[in-house]
Amino acid sequence: MRYRIVDNIWDELKLYTGEGNYLLISDENIYSLYKGNIEELLKGKDNIYLIKPGEKNKNLGEIGKIYDQLIAKDIDRDGLILSLGGGMVGDMAGFAASTYKRGINYVQVPTSLLAQVDSGIGGKTGIDHGGLKNVVGAFHFPLETLIDIRFIKTLQERDIRSGLGEVIKYGIIEDYDFFNYLKENIEKILKKDKDILTFIIKRSVEIKSLIVEEDKLDMDLRQKLNFGHTIGHSIESFFNYEKYYHGEAVILGMLIETYIAYRKGLIDYKYYDEIRETLIDLVEAYDFSEGEVNTLLQIMKNDKKNRDGKIAFILPTDRGEVEIFFDVEETLIKEAIFHFNKE
């Protein structure tokens with residue numbers, strides 16, 4: 001895996017657009033923000049495909065339209081896709097690259113905090129189908145991921161909070177000192193302090209890269225990156241990807257799954273409360289009814305991490321440590337979800 005933090009993304013991208021054998025994939029929001037830069041990069045060519053923003057557009061129908069554009073532009077197997085956008089754009093561009101003509105190269109240019117620290121790193125691509133998150137996908141590693149921290153300047157606070165969920169996750173699963181640093185600097189992060197943002201992005205990418213290098217195909221160690229995602233993905237899917245951003249759903253998932261770890265005796269109350277206090281104000285909880293919780297459980301039973309019909313949970317076991325468990329009782333899952341209805 002190759003990633004670089006760069007000073008001027010537009011100069012870097014010019015290195016990939018000279019031959020014309022490429023398709024730039026972005027979304028309408030990014031295009032409106034950086035139209036001048038993008039048009040200068042394209043130099044009058046229309047080698048661009050714009051996706052409507054929103055997770056609900058991450059589907060097979062939209063992928064088909066990308067294939068149509070690749071064919072119309074005569075992109076051959078030596079060509080590449082340039083992905084310019086957040087996690088949704090990166091997932092789709094990567095999946096299109098993994099399948100078009102049995103695989104072509106692509107470059108990730110993540111523009112959100114969440115994409116820069118998580119989805120833009122690691123080679124996972126995918127689309128949603130049948131109400132399930134990333135249920136269709138492939139491992140396809142980009143030529144490189146180019147990170148320009150200046151993109152963060154345009155983000156709303158909600159986007160920062162969403163990305164911060166994935167950043168805090170790295171501290172919980174791997175580096176307790178990093179977790180403490182984040183606790184102490186949340187307000188500065190939300191105010192987009194450049195030096196702090198640069199540090200947390202670098203450290204997050206380092207942690208994820210080390211894990212992925214050891215387990216590129218998500219068979220063992222890499223699964224620890226899914227802390228918060230069993231519950232989080234079910235919440236996203238339940239609301240049809242419209243109520244919560246991905247990072248917000250993961251924050252709720254981490255809160256609920258940390259409570260499960262505490263109730264199972266895996267961590268003490270002090271550590272549980274430390275995690276809860278760090279996360280609780282980053283997202284607004286939702287009061288799930290009994291029937292809605294049953295629906296969440298049904299969604300969890302279709303999670304791709306599951307084994308032998310048992311729901312997989314990544315749970316904290318100590319400071320900076322997690323393990324995978326397949327023995328969480330449904331009654332405890334329900335209790336944990338209802339517990340945060342009352343927070």
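This is a predicted model: local features need pLDDT of at least 70, side-chain atom pairs count only at pLDDT 80 or more; totals for chains, interfaces and linings use all residues.
Biologist: How far does helix α9 reach from its first C-alpha to its last?
Modeller: Helices (H or I, at least four residues) and strands (E, at least two) are DSSP runs, numbered from the N terminus. Helix α9 covers residues 194–214, 21 residues.

Biologist: Which residue caps the N-terminal end of α9?
Modeller: The cap uses a side-chain oxygen that lies 3.2 Å from the backbone nitrogen of D195. A polar contact is a pair of N or O atoms within 3.5 Å; within protein, one must be able to donate a hydrogen and the other to accept it, and residues adjacent in sequence count only if both atoms are side-chain atoms. The capping residue is D193.

Biologist: Is I5 buried or partly exposed?
Modeller: Buried means under 20% relative accessible area, exposed over 50%, and partly exposed in between (1.4 Å probe, protein chains only). I5 is in strand β1, and its relative accessibility is 32%. I5 therefore counts as partly exposed.

Biologist: Which residues does I5 touch, not counting residues up to four places away in sequence?
Modeller: Contact means heavy atoms within 4.5 Å. I5 and D148 are 143 residues apart in sequence, yet 5.9 Å apart in space, C-alpha to C-alpha. The residues that I5 touches are I147, I149, I201 and K202.

Biologist: How many of the residues of α10 are buried?
Modeller: S234, found in α10, counts as buried because its relative accessibility is 1%. S237, also placed in α10, counts as buried at 13%. What covers the buried residues of α10 includes β7 (132–139), α11 (246–263) and α13 (290–300). The helix is mostly covered, and the number of its 10 residues that are buried is nine.

Biologist: Which residues does S234 touch, not counting residues up to four places away in sequence?
Modeller: S237, with its neighbours within four places set aside, is in contact with G131, L132 and I299. For S234, the residues are L296, I299 and M300.

Biologist: How is α7 oriented to α11, oblique or parallel?
Modeller: The axes, lines fitted to C-alpha atoms over the stretch in contact, with angles from 0 to 180 degrees between N-to-C directions, come within 7 Å and cross at roughly 45 degrees. Angles under 35 degrees count as roughly parallel, over 145 as roughly antiparallel, 65 to 115 as roughly perpendicular and the rest as oblique. α7 is therefore oblique.

Biologist: What is the phi of Y241?
Modeller: Most residues other than glycine have a negative phi. Y241 is in the loop between α10 and α11 and is buried, with a relative accessible area of 11%. Its phi is positive although Y241 is not a glycine, at about 65 degrees.

Conventions: Residues are numbered from 1 along each chain as its sequence is written. Side-chain values use heavy atoms; hydrogens and water are left out. The expected span of a helix is 1.5 Å times one less than its number of residues.
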